[in-house]
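Good morning, and thank you for the time. Please keep the sequence and the model in view while I speak.

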Amino acid sequence: DTRGYLLELGEGHLDDLVATFCAEGNDPEAWDLEGLRRETMKAFGLEASDLGSVSFDGKTREDILDELWALAKSRYEQKEALVGRDVLERVERDIMLQIVDAQWKDHLYSLDHLKEGIGLRGYGQRDPLVEYKKESFGLFQDMRARVDEETVRYLFWLRPVSGDDDDRGIRRPAARRAAPVTLNA
């Protein structure tokens with residue numbers, strides 16, 4: 001179920017953003033709500049007009065999270081209604097596979113670099129094998145976080161185009177046929 005997985009990733013990512021910009025121990029007056037708006041727009045492909053209707057005044061972290069998530073989720077459901085669940089599911093799967101493939105290649109490249117320099121740890125009286133395992137696990141965790149973040153960003157930014165209209169509802173000009181080429185003999 002790619003949709004369920006994507007929505008779970010999106011809600012988790014938004015929860016992380018709210019936790020970053022609205023730290024639990026901080027006074028609500030110290031929260032960076034403008035930063036939260038900006039990062040939410042970047043992460044979920046929302047526009048300023050979408051977030052203009054959202055008011056954070058006097059709300060708890062959970063209320064802010066719920067309101068932002070409802071907005072992001074409704075925008076995604078609009079895409080689904082526009083192109084249909086079957087098409088969107090296929091696109092979700094393809095994009096997720098492309099992201100995992102690209103990030104996995106980068107991860108293997110990073111492991112190669114780590115392998116080249118890990119022998120120097122022996123000079124610092126540390127076991128290179130233990131250090132390699134620790135650092136490679138950290139690299140793997142970072143790769144997973146990047147996969148999740150990019151998956152959310154790509155799929156929420158996705159703007160389906162139907163027929164002859166672009167994503168703003170503007171009709172595109174019809175394709176022109178190339179004029180036949182004649183050669184002078």
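This is a predicted model: local features need pLDDT of at least 70, side-chain atom pairs count only at pLDDT 80 or more; totals for chains, interfaces and linings use all residues.

Lys 105 counts as exposed, because its relative accessibility is 53%; exposed means over 50% relative accessible area, buried under 20%, and partly exposed in between, with a 1.4 Å probe and protein chains only. Its side chain meets that of Asp 101 in a salt bridge, with N and O 3.3 Å apart. A salt bridge here is a side-chain nitrogen of Lys or Arg within 4 Å of a carboxyl oxygen of Asp or Glu. Asp 101 is partly exposed, at 40% relative accessibility. Both residues lie in helix 5, 4 residues apart, which is about one turn of the helix.

Residues are numbered from 1 along each chain as its sequence is written, and side-chain values use heavy atoms, with hydrogens and water left out.

How many salt bridges are there by this rule? The count comes to 11. One of them joins Glu 77 and Arg 3, whose closest N and O atoms are 3.3 Å apart. Because Glu 77 belongs to helix 4 and Arg 3 to helix 1, this pair ties together parts that are 74 residues apart in sequence. Glu 77 is partly exposed, at 35% relative accessibility. Another salt bridge links the side chains of Arg 38 and Glu 39, at 4.0 Å from N to O. Arg 38 is partly exposed at 44%, and Glu 39 is partly exposed at 21%.

Some of these charged residues form a network of salt bridges: Arg 3, Glu 77, Glu 80, Arg 85, Glu 89 and Glu 92. Is Glu 92 buried or exposed? With 0% relative accessibility, Glu 92 counts as buried. Glu 92 is found in helix 5, and a polar contact of 2.6 Å joins its side chain to that of Thr 2. A polar contact is a pair of N or O atoms within 3.5 Å; within protein, one must be able to donate a hydrogen and the other to accept it, and residues adjacent in sequence count only if both atoms are side-chain atoms.

Let me turn to the helices. The chain has 6 helices and 0 strands; helices (H or I, at least four residues) and strands (E, at least two) are DSSP runs, numbered from the N terminus. Helix 1 covers residues 2-21, and its 20 residues should span 28 Å at 1.5 Å a residue, which agrees with end C-alpha atoms 28 Å apart. The expected span is 1.5 Å times one less than the number of residues. Among the buried residues of helix 1 are Leu 6, His 13 and Phe 21. Their cover includes helix 2, helix 4, helix 5 and helix 6.

Finally, the nonpolar core. Such a core is a set of buried Ala, Val, Leu, Ile, Met, Phe, Trp, Tyr and Cys residues joined through side-chain atoms within 4.5 Å. The largest has 32 residues, and Leu 36, Phe 44, Leu 68 and Phe 156 have the most contacts inside it. Helix 1, helix 2, helix 4, helix 5 and helix 6 each supply at least two residues of this core. Leaving aside neighbours within four places in sequence, Leu 36 is in contact with residues including Leu 17, Phe 21, Phe 56 and Leu 68, where contact means heavy atoms within 4.5 Å.
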